[in-house]
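Subject: Structure handover

Hello,

Here is the structure I said I would pass on. My notes on it follow below; please read them with the structure open.

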There are 2 protein chains.
Amino acid sequence: MTIPSPDTSYHMTPAEFRRLGREVVDWIADYYERVESLPVLAQVEPGEIRGMLPAQPPQTGEAWADILADLDRVVLPGVTHWQSPNFFAFFPANASFPAILGELVSAGLGVQGMLWITSPACTELETHVLDWMADMLDLPAKFRSTASGGGVIQDTASSAVLAAMLAARERATAYASNARGADGSLVAYTSTQAHSSVEKAAKIAGIGSDNVRLIAVDEAFAMRPDVLARQIAADRAAGLTPFFVSATIGTTSSNALDPVPAIGRLCREQGLWLHVDAAMSGTAALCPEFRYTHAGLEDADSYAFNPHKWMFTNFDCDCFYVADRAALIQALSILPEYLRNQATQSGAVFDYRDWHVQLGRRFRALKLWFVIRHYGVEGLRFHVRRHVALAQAFKGWVEADDRFELAAPAPLNLVCFRYRGGNAANETLLQRLNQSGDLYLTHTKLDGKYTLRLCIGQTHTEERHVAGAWRRIQEEADGL
Amino acid sequence: MTIPSPDTSYHMTPAEFRRLGREVVDWIADYYERVESLPVLAQVEPGEIRGMLPAQPPQTGEAWADILADLDRVVLPGVTHWQSPNFFAFFPANASFPAILGELVSAGLGVQGMLWITSPACTELETHVLDWMADMLDLPAKFRSTASGGGVIQDTASSAVLAAMLAARERATAYASNARGADGSLVAYTSTQAHSSVEKAAKIAGIGSDNVRLIAVDEAFAMRPDVLARQIAADRAAGLTPFFVSATIGTTSSNALDPVPAIGRLCREQGLWLHVDAAMSGTAALCPEFRYTHAGLEDADSYAFNPHKWMFTNFDCDCFYVADRAALIQALSILPEYLRNQATQSGAVFDYRDWHVQLGRRFRALKLWFVIRHYGVEGLRFHVRRHVALAQAFKGWVEADDRFELAAPAPLNLVCFRYRGGNAANETLLQRLNQSGDLYLTHTKLDGKYTLRLCIGQTHTEERHVAGAWRRIQEEADGL
C-alpha cells in the first residue's frame with residue numbers, strides 16, 4: 001500500500017483560515033447589526049430549506065465564496081432569530097460576543113476533557129469557574145469542589161436532572177445499579193408545572209414516567225408542600241419507595257417559585273434526594289435583591305442553572321452542582337483498561353466523564369470564563385436588573401389595559417398574560433403576532449386557559465423593543 | 001423599579017468583536033503553526049492550573065489583552081494537544097479549519113434546534129446532510145429520512161448507544177415505558193471488547209450493567225456469534241428476555257471488526273434490536289475498498305459513527321441512524337403544552353428533541369456541511385486512505401523489528417503492538433515516551449497483556465510524524 005502524499009492536499013491552510021475566519025467574524029458582526037430587521041420567526045414551510053440543497057453530496061470540494069454565500073441564501077431564511085432583541089418566546093438562549101470568542105477558542109484547541117489527563121486545563125478551569133459561579137450565586141458551601149461537592153458543565157438542564165435522578169437512585173438502592181435494574185418501587189415527585197425533562201428522565205432511567213407524581217400547585221403555580229407530604233405518606237403506605245423530588249425555581253410555564261425551604265425540610269426528614277432546577281432563573285441570584293428565590297438550598301442535594309439561557313453564554317452550558325460528588329460518580333463511573341492512567345488512580349483529580357452520560361466533552365468552561373471576565377459580576381448584575389425591570393414595566397402596562405389580565409405573579413423576567421376574550425382569541429392573537437415577524441412570543445396553558453408568555457432575556461433587548469412588542473400586541477388586539 | 005439604561009453598557013460592540021475576533025482567529029492559526037513544537041501530553045501536576053487562577057471572580061470587567069494573554073499563560077500549559085500531528089493516543093478527535101468556521105457560525109447564530117419551528121434550517125440541514133452521509137458511507141436505504149428511518153446528530157457515541165437501547169427497550173416492552181420501569185428480565189449483549197458506554201447505558205436505563213452479557217471474542221478480538229447464540233438460548237431458557245445487541249465495527253481497544261452479518265442474522269431470527277457502533281471506523285466506509293467492514297448493516301436497527309473522531313469535524317458530532325424512527329421517538333417524546341405548535345401537530349416535520357436525551361440543541365450540522373463541501377467526497381477519501389496507509393506502514397516496521405510484536409490484526413488506522421519484554425517493560429516504555437512530550441500514545445490490555453496502541457487519524461499527521469514516532473519508540477526500547 002503506497003502512502004498518498006503530501007498531507008497538505010485538500011486541507012485549508014492557516015493563511016486561508018486567517019482570511020476566511022475574518023470573513024466569518026465580519027459576517028457574524030453584520031448579522032448582529034441587522035438581526036432586528038429580520039422576521040423573528042422563520043417564515044418558511046416544511047421542506048423549503050431542504051428543497052434548496054443539492055440531492056447529492058459534492059464529489060469534489062467547493063469554493064468558499066459559494067459556501068459562505070449559502071449562509072444568506074439557504075440558512076438565514078430558515079433561522080428563527082433567537083438573538084433578535086424582539087425574541088420573547090420560550091426562554092432566552094442569549095449569546096454574547098465574549099461567549100462566541102470562547103466557543104471559537106474551544107473549537108480551535110479541539111481538546112477532549114473526558115479525563116483530567118486528556119487536558120488538565122479543561123477540567124481545572126471548569127472546576128474553578130464553577131466554584132466562582134457558586135460564589136456569585138451565593139450557593140451553600142457544600143456545592144463547592146473544595147467541600148464534598150462540586151460543579152460540572154452539562155449540556156442541558158435535561159441532562160442535569162437525569163444525572164441527579166441517577167445519583168438519587170444509586171443512593172436509594174444502596175449503590176446497587178449494576179444489579180437488576182432500579183428497585184421497581186421507586187417514586188419521584190415534582191409539580192404539575194415542572195419541566196417535562198423530569199418525566200423524560202424517569203422514562204430514560206427505567207423508573208417509568210407513571211411513577212413520577214405531579215404534585216398540585218397553589219394559586220401562584222408553586223408546588224404545595226402539604227400535598228407533597230401527603231402523597232409521600234400515601235406512597236409509603238402502599239409499600240412504594242419515595243426517593244427523589246425535583247423542585248423548580250422559576251417554572252417554564254409561568255416562572256413559579258416552588259417553596260424550596262418547606263420542600264427541603266420534608267426531603268431531609270424523609271431521606272429523599274432534592275434536586276433544584278433553576279434553569280433560567282438561577283441567574284437572578286447574581287443580584288442580592290433576588291436571592292430570596294434561592295432560599296432553602298441548604299437542604300438540596302443537587303442544583304442546576306443554565307448560563308446559556310440568561311447569562312450571555314452560548315448554548316450549551318448548564319452548571320450542575322452536587323453536594324455529594326461520590327454518589328454521582330458511583331452512579332456513572334465505569335473504568336475500562338484503555339482509560340486507566342496514573343492521575344486517575346491517584347484520586348487527586350476529577351475525571352468529568354464520570355459526572356454525566358457522555359464520555360467525550362469539549363472545553364466549555366472557556367466561554368463561561370470569558371463571559372465572567374468580560375462583564376464582571378457588576379456587568380452581569382446590571383443586565384439581569386435591566387431585564388427584570390423591563391418585564392416589570394411590561395407587567396404594569398398589561399395591568400393598566402382593561403382588555404388584558406395577568407395570568408401569574410411574574411416575579412422576575414417572564415410575564416404571563418392573556419386577552420380577556422377566551423382561548424380562541426388568544427390563539428389568533430399569538431398567531432398574528434408571530435406571523436408578522438415583528439416579534440416572537442409563545443404560549444402555555446394555566447388553569448386550562450390559553451396564556452401568552454413574554455420572556456425578557458435576550459442580550460440586546462432594550463426598552464424600545466419591549467414597548468414595541470406591547471404596541472403590536474395592543475394593535476392586534478384592536479383587530480380581534 | 002426604574003429601568004437601567006442604556007443596553008449598550010458593558011456589552012462588547014460589533015466593532016470590538018470584529019477586532020478581537022480577528023485576534024482570536026490569528027491566535028488559532030498561530031496555534032496550528034506551532035502546535036508541533038509543544039509537548040503533546042500536558043506536563044503539569046494536579047492543581048497547577050487552578051493555582052494560576054484568582055480565588056475570587058472579578059467584580060468588574062477585565063481588559064481583553066489580559067484575557068487573551070491568559071490563553072498562553074494559563075490554558076496552553078494545561079492542554080494535551082489533540083490537534084498535534086504527534087497525537088496517537090486513544091482515538092483521534094480531528095478538527096479542521098472548515099469545521100472551526102462552522103462552529104463559529106453556529107455560535108454566532110445561537111439558535112436552538114429543539115423543534116422544527118425553533119429554526120427550520122437547523123433541523124432540515126441536519127436531516128439532509130445526514131442523508132448525504134448515508135450516501136457517502138453507502139448505508140442501507142432504510143436509514144435515510146426519505147424511508148422509515150433517518151439520522152440525527154448526537155453529541156457522542158455514548159449517547160447514541162443509550163438512545164438505541166431505550167428504543168430497543170421500548171419495542172421489547174411493547175411501548176410501555178411510561179409504566180413501572182423496564183421489564184426486570186431484559187438482557188443486553190455486546191463483546192468483551194466493546195466500549196464501556198454499552199454497560200454505562202444499561203446502568204443508566206435501569207437495566208443494570210450486570211445484565212449486559214460480555215460475549216467472548218475470537219483470536220482477532222471479534223465477537224463470536226456462536227457464543228452469542230448459545231448465551232441468548234441460555235438466557236431464554238432461564239426465563240429472561242434478550243432484547244439488544246451492540247456490535248462494533250472497530251473496537252476501541254484493538255479496532256476489531258465484529259462479524260455483523262452473522263450477528264445480524266441471529267438478531268433478526270431472535271427479534272433483537274441490533275445497534276452497530278462504528279464510532280471511529282465508520283469513516284473508513286467513505287472508501288469503497290474499506291466498505292467490507294460494514295457488511296451486514298441491512299439487519300441493523302441503528303448505527304452510529306463519529307465525524308468528530310476521524311472526519312475532520314470538531315467534537316461534538318456523532319451521526320446516529322435508526323431504521324425505524326417511530327420506535328426512537330416513542331421512547332423519548334413528551335409534549336408539554338409550552339412546546340406545542342402547528343408544525344409539530346401537522347406531523348410534517350422532525351422535532352429532534354424527541355431523538356435524544358436533551359431538549360436544547362445547537363446547530364451542529366453547519367460544521368459537517370462545511371467539511372463535506374470543503375473537502376468533497378474525494379478529499380475525505382484521500383485523507384482516510386492516507387491515514388490507513390500510514391498505519392499499515394507502521395505495522396510493517398513493527399513486524400520487521402524482532403524486539404516487537406503485533407498484538408492484533410490492525411485492519412485500518414490503529415496498530416496494537418508490544419515490546420517483547422513483559423508488561424512492566426511496556427508500561428515503562430509508554431511512560432517515558434509520553435513524558436518526553438514528543439508524542440502521545442495510550443495502552444490497553446489484550447489477552448491480559450499490556451499493549452501499546454498507536455492510532456493514526458489526526459488531521460495533519462504526515463509520514464514524517466509516524467516515522468518519528470517509530471524512531472522514538474525504538475530509541476526508548478534501546479534504553480530498557
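Strand 8 of chain A and strand 9 (residues 414-419) of chain A run antiparallel and are joined by three bridges. Strands pair here if DSSP finds at least two bridges between them. Helices (H or I, at least four residues) and strands (E, at least two) are DSSP runs, numbered from the N terminus. Opposite Phe404(A) stands Tyr419(A), in strand 9 of chain A.

Two points on conventions. This is a predicted model, in which local features need pLDDT of at least 70 and side-chain atom pairs count only at pLDDT 80 or more, while totals for chains, interfaces and linings use all residues. Residues are numbered from 1 along each chain as its sequence is written, and chains are lettered from A and ligands numbered from 1 in the order in which they are written.

The sheet in chain A

The open sheet has four strands in the order 8-9-11-10 (chain A), with antiparallel pairing. Its edge strands, each pairing on one side only, are strand 8 (404-406) and strand 10 (442-446) of chain A. From one strand to the next the twist averages 40°. Helix 12 (residues 365-400) of chain A packs on the sheet and touches strand 8, strand 9 and strand 11 (449-455) of chain A; the direction of helix 12 makes about 15° with that of strand 9 of chain A. Helix 13 (residues 423-436) of chain A also packs on the sheet, touching strand 9, strand 10 and strand 11 of chain A, and its direction makes about 30° with that of strand 11 of chain A. For these angles, axes are lines fitted to C-alpha atoms, for helices over the stretch in contact, and the angles run from 0 to 180 degrees between N-to-C directions. Contact between two residues means that their C-beta atoms, placed from the backbone, lie within 7 Å.

Strand 2 of chain A

Six of the six residues of strand 2 (residues 186-191) of chain A are buried. A residue is buried if 20 or more other C-beta atoms lie within 10 Å of its own, exposed if 12 or fewer, and partly exposed in between, with C-beta atoms placed from the backbone. Leu186(A), Ala188(A) and Thr190(A) point one way from the strand, while Val187(A), Tyr189(A) and Ser191(A) point the other way. Strand 2 pairs in the parallel sense with strand 4 (residues 241-248) of chain A over four bridges, and Val187(A) has Pro242(A) as its bridge partner there. Four bridges also join strand 2 to strand 3 (residues 212-215) of chain A, again running parallel; Ala188(A) stands opposite Val212(A) in strand 3.

Where the chains meet

In chain B, 142 residues are in contact with 142 residues of chain A. Helix 12 of chain B gives the most to the side of chain B that touches chain A, with 17 residues. The residues of that side divide into 69 nonpolar, 47 polar and 26 charged. Ala, Val, Leu, Ile, Met, Phe, Trp, Tyr, Cys and Pro count as nonpolar, Asp, Glu, Lys and Arg as charged, and the others, Gly among them, as polar.

Two helices of chain B

The axes of helix 13 (residues 423-436) of chain B and helix 14 (residues 463-478) of chain B come within 10 Å and cross at roughly 125°. That makes helix 13 of chain B oblique to helix 14 of chain B; angles under 35 degrees count as roughly parallel, over 145 as roughly antiparallel, 65 to 115 as roughly perpendicular and the rest as oblique. Leu429(B), Arg432(B) and Leu433(B) of helix 13 make the contact with Arg472(B), Ile473(B), Glu476(B) and Ala477(B) of helix 14. By class, this contact has four nonpolar, no polar and three charged residues.

Local backbone features

A cis peptide bond, with omega about 5°, joins Phe315(A) and Asp316(A). Asp316(A) is in the loop between helix 9 (307-310) and strand 7 (318-322) of chain A. In chain B, the peptide bond from Phe315(B) to Asp316(B) is cis, with omega near 5°. Asn255(A) is not a glycine, yet its phi is positive, near 65°. Asn255(A) counts as buried because it has 29 C-beta neighbours inside 10 Å.

Regards
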